[in-house]
Amino acid sequence: MLVKIYTDGAARGNPDGPGGYGTILSYTDPSGKEHSREFSAGYKKTTNNRMELMAAIVGLEALIKPCTVELYSDSQYLVKAFNDHWIDGWIKKGWKRGKNEPVKNKDLWQRLLRAKQPHKVTFIWVKGHDGHPQNERCDSLATTAADGQELLEDDF
């Protein structure tokens, strides 16, 4: 079964301020009926890159059975992971970048690797704010999460 996951993160321009992510998971069941599920959450003291990773992870972790997945995101951070093999290089170097610089968000990268492992994932970069309706919807979810009154501490 093909599952499409649309993601977006928002840091609201302040690493110490609220951030949030929006994720939409959609698929068509064997009978032809379409289904959609939305996830969003707001966090304090976080960055946009962490939110982009969380958006992708939450969508993948929601899948119970192994699936064929198309993961849509406007995150250049995720483009690097899926297309330039950042993660593979980091693992081979012991999670170091360049001259022994520790990899940022190592915990989330490892969680992303576990989340995508059982699935066949194709990453599709949706250029931000290009009018793609699902991406705009995810952007709206992420912004709403970041602006929400009930914000969680970034403890993942």
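Author: We take the pocket, then the helix pair. Keep in mind that this is a predicted model.

Reader: Which residues line the largest pocket?

Author: Find Met1, Val3, Leu25, Tyr27, His35, Ser36 and Arg37.

Reader: Which element gives the most to the lining of the largest pocket?

Author: That is β3, with three residues.

Reader: How many of the lining residues are nonpolar, polar and charged?

Author: Eight are nonpolar, two are polar and two are charged.

Reader: Now the helices. At what angle do the axes of α1 and α4 cross?

Author: Look at α1 (residues 48-61) and α4 (residues 106-116). Their axes cross at roughly 25° and come within 9 Å. Angles under 35 degrees count as roughly parallel. So α1 and α4 are roughly parallel to each other.

Reader: Is the crossing of α1 and α4 left-handed or right-handed?

Author: The crossing is left-handed.

Reader: Which residues make the contact?

Author: From α1 come Arg50, Leu53, Met54, Ala56, Ile57, Leu60 and Glu61. From α4 come Asp107, Leu108, Trp109, Arg111, Leu112, Ala115 and Lys116.

Reader: How do the residues of the contact of α1 with α4 divide by class?

Author: Nine are nonpolar and five are charged. No polar residue takes part in this contact.

Methods
Residues are numbered from 1 along each chain as its sequence is written. This is a predicted model: local features need pLDDT of at least 70, side-chain atom pairs count only at pLDDT 80 or more; totals for chains, interfaces and linings use all residues. Side-chain values use heavy atoms; hydrogens and water are left out. On a 1 Å grid over the protein atoms alone, a cavity is a set of points where a 1.4 Å probe fits but cannot get out, and a pocket is an open set with protein on both sides within 12 Å along at least five of seven lines; lining residues have an atom within 4 Å of a point. Helices (H or I, at least four residues) and strands (E, at least two) are DSSP runs, numbered from the N terminus. Ala, Val, Leu, Ile, Met, Phe, Trp, Tyr, Cys and Pro count as nonpolar, Asp, Glu, Lys and Arg as charged, and the others, Gly among them, as polar. Axes are lines fitted to C-alpha atoms, for helices over the stretch in contact, and angles run from 0 to 180 degrees between N-to-C directions. Angles under 35 degrees count as roughly parallel, over 145 as roughly antiparallel, 65 to 115 as roughly perpendicular and the rest as oblique. A crossing is left-handed if the near helix is turned anticlockwise from the far one by less than a right angle, and right-handed if clockwise. Contact means heavy atoms within 4.5 Å.
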